[in-house]
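Trainee: I have a new model to read. Can you take me through its features, one at a time?

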Amino acid sequence: MRFIYSMLILLCVSVNVRAAEPLEQLKGLIPFIGTWTSLSDTPDPRKRFIDVTRWEWAFGGKVVRIIHSVNDGAYAGESLIHWDDVDQQIIYRYVNNSGFYTDGVITERSYGSIIVHEYIRGTTEEGPTETRAGYSIRNGQMYSWTQFKLRGVWGEKSEVVYERTPNATPKMPPLPE
């Protein structure tokens, strides 16, 4: 009986923690919370992709967690975004099933508009070393642009538009057996 009582208390505490207000420094990310889907508009069917991305609060509003998958989990990754008290900035780490990861800084331009600068780790020397991107919420859609730095030169921007899709779910690759 004590076990059941302890579990009920733990559940109540967990529910209260989840209902907490987001950290003040992360409130600019509120418009991004939710699930979004983008379908690439490239004319080449071999290069088309569907990206499902879910932004959610974690750790009682102290962290934003992003889970995304491309083409039903053929490529997938997760980000944890949080406020760094020492550096006084929003930082994050992105990991994925391709073996590389990124560390980055997010700068809020205005409510619902951010700039992201990240350093790519764990790739070969031929791969990009940095990425910069912008995300903004306009008219109920999420607009995104991305640039990669390759061999010291920034490439052209690529743009993607995401629609809100509350019932979509990012699909993670299966675990190895």
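Trainee: What pattern does the protein chain follow along the sequence?

Mentor: This is a predicted model. Read in order, the chain runs α-β-β-β-β-β-β-β-β-β-β-β. That is 1 helix and 11 strands.

Trainee: How many residues does the chain have, and what share counts as buried?

Mentor: The chain has 177 residues, and 36% of them count as buried. Its accessible surface is about 11,500 Å², with 57% belonging to carbon and sulfur atoms. For contacts with a separation of 6 or more, 32% come from residues 24 or more positions apart.

Trainee: Now pockets. What is the volume of the largest pocket?

Mentor: General idea: a probe the size of a water molecule, rolled over the atoms, shows where empty space is left. In this model, the largest pocket has a volume of about 1,100 Å³. It is lined by 40 residues, and the closest to its centre are Asp51, His68, Tyr135, Thr146 and Tyr162.

Trainee: Which classes make up the lining of the largest pocket?

Mentor: The lining has 22 nonpolar, 13 polar and 5 charged residues.

Trainee: How many aromatic pairs does the structure hold?

Mentor: Describe a pair of aromatic rings by two values: the distance of the centres and the angle of the planes. This structure holds 2 aromatic pairs. One is Phe32 with Trp55, stacked, at 4.9 Å centre to centre and 20° between the planes. Phe32 sits in the loop between helix 1 (2–18) and strand 1 (34–39), while Trp55 is in strand 2 (residues 50–58), 23 residues apart.

Trainee: Are Phe32 and Trp55 buried or exposed?

Mentor: Phe32 is buried, because its relative accessible area is 0%. Trp55 counts as buried too, at 5%. Trp55 also pairs with Tyr135, edge-to-face, at 6.3 Å centre to centre and 70° between the planes. That pair links strand 2 to strand 8 (residues 130–138), 80 residues apart. Tyr135 has 21% relative accessibility, so it counts as partly exposed. Phe32, Trp55 and Tyr135 form one aromatic cluster.

Trainee: Last, the backbone. Where is Asn71, which has a positive phi?

Mentor: Asn71 lies in the loop between strand 3 (63–70) and strand 4 (75–84). Its phi is about 50°, although Asn71 is not a glycine. Asp72 is in the loop between strand 3 and strand 4. Asp72 has a positive phi too, near 60°.

Trainee: What are the relative accessible areas of Asn71 and Asp72?

Mentor: Asn71 has 38%, so it is partly exposed. Asp72 has 60%, so it is exposed.

Technical notes:
Residues numbered from 1 in each chain as written. Predicted model: local features only at pLDDT ≥ 70, side-chain atom pairs only at ≥ 80, totals over all residues. Heavy atoms only, no water. 1 Å grid on protein atoms, 1.4 Å probe; cavity = no way out; pocket = protein on both sides within 12 Å on 5 of 7 lines; lining within 4 Å. Points joined across faces, edges and corners; volume = space filled by probe spheres on them. Nonpolar A, V, L, I, M, F, W, Y, C, P; charged D, E, K, R; others polar. Helix = DSSP H or I, 4+ residues; strand = E, 2+ residues; numbered from the N terminus. Buried < 20%, exposed > 50% of the residue type's maximum accessible area, 1.4 Å probe, protein only. Contact = heavy atoms within 4.5 Å. Areas by Shrake-Rupley, 256 points an atom, 1.4 Å probe, with all protein chains shown as cover. Phe/Tyr/Trp six-rings, centres within 6.5 Å; stacked < 30°, edge-to-face > 60°.
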